[in-house]
Amino acid sequence: MSDIRWRHKDLLDTAELSASEITCLLDMAERFDEINARPVKKVPTLRGKGVVLFFAEPSTRTRTSFEVAGKRLSADTYALATSGSSITKGESLRDTALTLQAMAPNIIVIRHSVSGAAAFLAERLSCSVVNAGDGRHAHPTQALLDAFTLRRHWKGDMRGKRLLIVGDIAHSRVARSNVFLWQKFGVGVRVFGPRTLLPPGIRDWPVEVHDNLDEALAGVDAVMALRLQLERQQAGLLPDLSEYARHFCIGMRHLEKAAPDAVVLHPGPINRGLEIASDLADSGRSRILDQVAAGVAVRMAVLFTLGMRGTSMQEAFEEPGQGAAGA
Ligand code: CP
């Protein structure tokens with residue numbers, strides 16, 4: 001495992017991480033993945049540390065995997081959802097966060113519909129803040145688990161690989177965090193989607209923008225289908241959903257144009273028949289459930305690095321009885 005002394009208080013986006021920091025997190029996640037395969041999956045590493053899960057938007061995968069990750073590291077996890085919290089009585093994000101901080105957690109994991117909400121908290125709180133998805137801005141742990149999944153599939157050899165991202169790029173925090181991660185590893189990212197669902201500044205992103213799906217697919221090593229973020233879209237961006245599916249739903253036949261061992265990813269939740277065909281989602285070419293499994297190991301690595309901040313990662317991992325490997 002590459003050694004590094006973690007310098008970040010928070011994890012807000014992949015853009016702020018260097019390639020070696022991302023590699024360190026992915027290497028560490030590999031170690032946690034081994035622990036996750038053991039009969040006893042719990043290690044004492046973050047015993048006595050508190051992790052608050054503050055999800056002000058729906059989530060299945062991210063929220064559950066952060067909770068599993070925290071518990072497997074022996075942290076105390078506390079969940080706060082918008083419904084059932086005093087946000088519904090008009091309490092501001094800042095006041096909610098200060099209230100949570102007064103209970104002295106070590107880490108707050110936040111999902112929020114407003115882009116910049118995680119950074120807003122990070123500037124005001126002394127504890128670590130992890131962005132679990134803020135509006136259309138960023139979803140760094142999703143991009144990290146996507147990288148974990150593809151790095152494995154590519155047997156660690158990422159440079160020169162090509163990834164095609166298809167669908168609603170404009171509203172996708174997953175797309176944005178992936179683009180800025182893959183740029184650091186020499187992976188070429190292509191995007192294809194309806195013109196109305198491309199962000200205004202897409203020409204400034206380090207991507208190839210395609211307007212023909214067959215050309216976009218030619219020779220790619222992986223395809224990532226995105227969820228249509230209908231909850232973030234203004235009316236009138238799409239003619240209708242069946243028209244969308246006809247042009248942008250990825251099926252088995254599309255992979256024939258990609259590299260022979262190309263695989264398909266989707267961050268979930270998937271809308272079968274709209275973004276990805278059911279037979280492809282359930283096939284051996286799909287890595288969707290591998291992504292979910294990777295989410296636990298990657299989020300363990302993220303909580304671990306922030307919880308053990310200032311310690312040499314090698315030492316933190318190896319210290320007998322304390323580090324994950326010594327457990
Ligand atoms: N990929 C993702 O963020 O899924 P959830 O919304 O279920 O957390």
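Which residue in E6 is the bridge partner of valine 166? In this predicted model, the partner is phenylalanine 192. The two strands concerned, E5 (residues 162-166) and E6 (residues 188-192), are paired in the parallel sense, and five bridges connect them.

This pair belongs to an open sheet of five strands, arranged in the order E7-E6-E5-E8-E9 with parallel pairing. The edge positions are taken by strand E7 (208-210) and strand E9 (263-265); each has a single partner strand, so one side of each is left without a neighbour in the sheet. From one strand to the next, the twist averages 25 degrees. Helix H5, comprising residues 140-153, lies across E5, strand E8 (222-225) and E9. Relative to E9, helix H5 runs at about 175 degrees.

The ligand is surrounded by Ser59, Thr60, Arg61, Thr62, Arg111, His139, Gln142, Pro267 and Gly268. Classified by type, this shell contains one nonpolar residue, six polar residues and two charged residues. In the case of glycine 268, a polar backbone atom is 3.3 Å from a nitrogen atom of the ligand. On its own, the ligand has 250 Å² of accessible area, of which the protein covers 92%.

Notes
Residues are numbered from 1 along each chain as its sequence is written. This is a predicted model: local features need pLDDT of at least 70, side-chain atom pairs count only at pLDDT 80 or more; totals for chains, interfaces and linings use all residues. Side-chain values use heavy atoms; hydrogens and water are left out. Two strands pair if DSSP finds at least two bridges between them. Helices (H or I, at least four residues) and strands (E, at least two) are DSSP runs, numbered from the N terminus. Axes are lines fitted to C-alpha atoms, for helices over the stretch in contact, and angles run from 0 to 180 degrees between N-to-C directions. Contact means heavy atoms within 4.5 Å. A residue is near a molecule or strand if one of its heavy atoms lies within 4 Å of it. A polar contact is a pair of N or O atoms within 3.5 Å; within protein, one must be able to donate a hydrogen and the other to accept it, and residues adjacent in sequence count only if both atoms are side-chain atoms. Accessible areas come from the Shrake-Rupley method with a 1.4 Å probe; for residues, only the protein chains shown count as cover. Ala, Val, Leu, Ile, Met, Phe, Trp, Tyr, Cys and Pro count as nonpolar, Asp, Glu, Lys and Arg as charged, and the others, Gly among them, as polar.
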